[in-house]
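Here is a friendly briefing to read alongside the model. Have the viewer open as you go through the points.

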Amino acid sequence: MDLKKIKEIHSKAPIYEALVKYKKARIVPFDVPGHKQGKGNPMLKEFLGEKCLSVDVNSMKPLDNLCHPVSVIKEAEELAADAFNAKNAFLIVNGTTAAVQAMVMSVCKKGDKIIMPRNVHRSAINALVISGAVPVYINPGVNKKLGIPLGMSVEDVKKAIEENKDAKAVLINNPTYYGICSNLKEITRIAHENNMYVLVDEAHGTHFYFGDNMPETAMSVGADMAAVSMHKTGGSLTQSSFLLLNCDIKPGYVRQIINLTQTTSGSYLLMASLDLARRDLMLNGKEIFKKVMSMAEYARTEINKIGGYYAFSSELIDGDEVFDFDRTKLSIFTRDIGLAGIEVYDILRDEYGIQIEFGDIANILAIISVGDRELTIERLISALYEIKRLHMKDKGGMFDHEYINPKVILTPQEAFYSEKLSIPMNESSGKICAEFVMCYPPGIPILAPGEKITREILEYINYAKEKGCFLTGTEDAKIENINVVNGK
């Protein structure tokens, strides 16, 4: 399609346009929400603004209905499908979590196997708890220097498929939080040869579809479904996402699966933001992500000049477990200055007023987007220089890895719904975990339901606590006790 035709088609934003029309009509609201265009909550109106609250509305005929779109939402989804080169696209307002869960539940029922990397986001394992699908985990490779999990090896995928011919699907992270990409094309080919669906968690890969010289996308290699988190790098509001469908599954059935968990009161603010973000990326995406790439490359170069830090990139590519790298990601290894990533994260926020995406045991991640400016990039670089100068210490005794291979004993659903016993965390070695333990972000479980608790895992959890990681997932808010499967 030529540029003129693209601009003609994608200049439209049907949901946004319908909301503008609604506002001009000065409709008197005797429906929900109860704030009645902000009149009922002056403080909220002052905080968010009249323009925002005047279009925080409920479904009605002129504005369509997210659960069963027939007009403007349907048109917005058709435009999104065209933008991502998919057969169908669905607006998601429950976050990419809902999109990932809908993917899994669209192809797997109770007892069905699904092959996936163990370093998935908690949303994927939550889908197994809900659906009763059975995971066949592939342990990712690990970069021993950086301590980070990598992508899925093609040989490991082949082996998993050979040993589980009855699996329904293969799920792939593309990219990981750190920017690591697996060989999406080859894994898709092998899975399809074995009649398995390919599901791709592209929560951090929206920009792959719109920038130049980016890693391959799920849709470009013929994957069947993808969850794309528009709010992370695409410019829409937090919690808004797309689910892409590219295979023979009936879209009406996928809609039914989405509607099992997605709200019936879809936010028009979120939907309009998806509509406008798609429009902007189709019209300006190449320029936007050229700028983002340039800023990330500059920051990486300058940070590496400081010494002690390692802002890693495409030099990690090995054609297999690191098949490609997302160069817009600013992932930085910090352990050589004697500080855990979470310690640098805290210092940046508390002493320099800089909020980055996350810090873990050995790395930090700064998200670079079109909203950044050269001045803010320089501020981050200067702060990292000062942190090294003021806080650098001996790195002896630091934990040296982020990922520990799990020992899976029970399915996530079986363990989560089992009879549970709460015991002190430090007395749980040898037991079977019945809940999640994770640092958030990134939300990749250290322990998931059904996995054996080991001394090594407990040491990692205690170290993460000591360094200041924000731990979540357990019923016990203080993360001092853990639920284990009773009698196991």
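Aspartate 166 lies in the loop between helix 8 (154-163) and strand 6; helices (H or I, at least four residues) and strands (E, at least two) are DSSP runs, numbered from the N terminus. With a relative accessible area of 48%, aspartate 166 is partly exposed, a class that falls between buried (under 20% relative accessible area) and exposed (over 50%), using a 1.4 Å probe and protein chains only. The C-alpha atoms of aspartate 166 and leucine 260 are separated by 26 Å, and the two residues are 94 apart along the chain.

This is a predicted model, in which local features need pLDDT of at least 70, side-chain atom pairs count only at pLDDT 80 or more, and totals for chains, interfaces and linings use all residues. Residues are numbered from 1 along each chain as its sequence is written, and side-chain values use heavy atoms, with hydrogens and water left out.

**Backbone features in loops**

- The peptide bond from valine 32 to proline 33 is cis, and its omega is near 5°. Proline 33 belongs to the loop between helix 2 (14-24) and helix 3 (42-48).
- Another cis peptide bond runs from asparagine 174 to proline 175, with omega near -5°. Look for proline 175 in the loop between strand 6 (169-173) and strand 7 (180-181).
- Asparagine 85 is a residue other than glycine with a positive phi, near 60°. Its place is the loop between helix 5 (72-84) and strand 1 (88-92), and at 58% relative accessibility asparagine 85 counts as exposed.
- Asparagine 213 also has a positive phi, near 55°, and sits in the loop between strand 8 (197-202) and strand 9 (225-228). Its relative accessibility is 68%, so asparagine 213 counts as exposed.

**Strand 9 and its partners**

- Met225 and Ala227 point one way from strand 9, Ala226 and Val228 point the other way, and all are buried.
- Strand 8 and strand 9 run parallel and are joined by four bridges; two strands pair if DSSP finds at least two bridges between them. Here leucine 199 stands opposite methionine 225 in strand 9.
- Strand 9 is also joined by four bridges to strand 10 (residues 241-245), and these two run antiparallel. Methionine 225 stands opposite leucine 245 in strand 10.

**Strand 15 and its partners**

- Four of the five residues of strand 15 (residues 363-367) are buried, so this strand is largely enclosed by the rest of the structure.
- Five bridges pair strand 13 (residues 329-333) with strand 15 in the antiparallel sense, and isoleucine 332 stands opposite isoleucine 364 in strand 15.
- Strand 14 (residues 358-359) runs antiparallel to strand 15, with two bridges between them. Glycine 359 has isoleucine 364 in strand 15 as its bridge partner, and a hairpin through three residues joins strand 14 to strand 15.

**Helices**

- Of the 13 residues of helix 6 (residues 95-107), 12 are buried, leaving this helix mostly covered. Among the buried residues are Thr96, Gln101 and Ser106.
- Two packed helices are described by the angle between their axes and the distance between the axes.
- The axes of helix 12 (residues 268-306) and helix 14 (residues 374-391) come within 10 Å and cross at roughly 20°. Axes are lines fitted to C-alpha atoms, for helices over the stretch in contact, and angles run from 0 to 180 degrees between N-to-C directions.
- Helix 12 and helix 14 are therefore roughly parallel to each other, a label for angles under 35 degrees.
- In helix 12, Met295, Tyr298, Ala299, Glu302, Ile303 and Ile306 meet Glu374, Ile377, Glu378, Ile381, Leu384, Tyr385 and Lys388 in helix 14, where contact means heavy atoms within 4.5 Å.

- Three strands form an open sheet in the order 18-17-19, with antiparallel pairing. Strand 18 (445-447) and strand 19 (471-472) stand at the edges, each with a single partner strand, so one side of each is left without a neighbour in the sheet.
- Strand 17 (residues 437-439) and strand 18 are joined by two bridges and run antiparallel. Methionine 438 stands opposite proline 445 in strand 18.
- Helix 16 (residues 455-467) packs on the sheet and touches strand 17, strand 18 and strand 19. The direction of helix 16 makes about 130° with that of strand 18.

Key: Angles under 35 degrees count as roughly parallel, over 145 as roughly antiparallel, 65 to 115 as roughly perpendicular and the rest as oblique.
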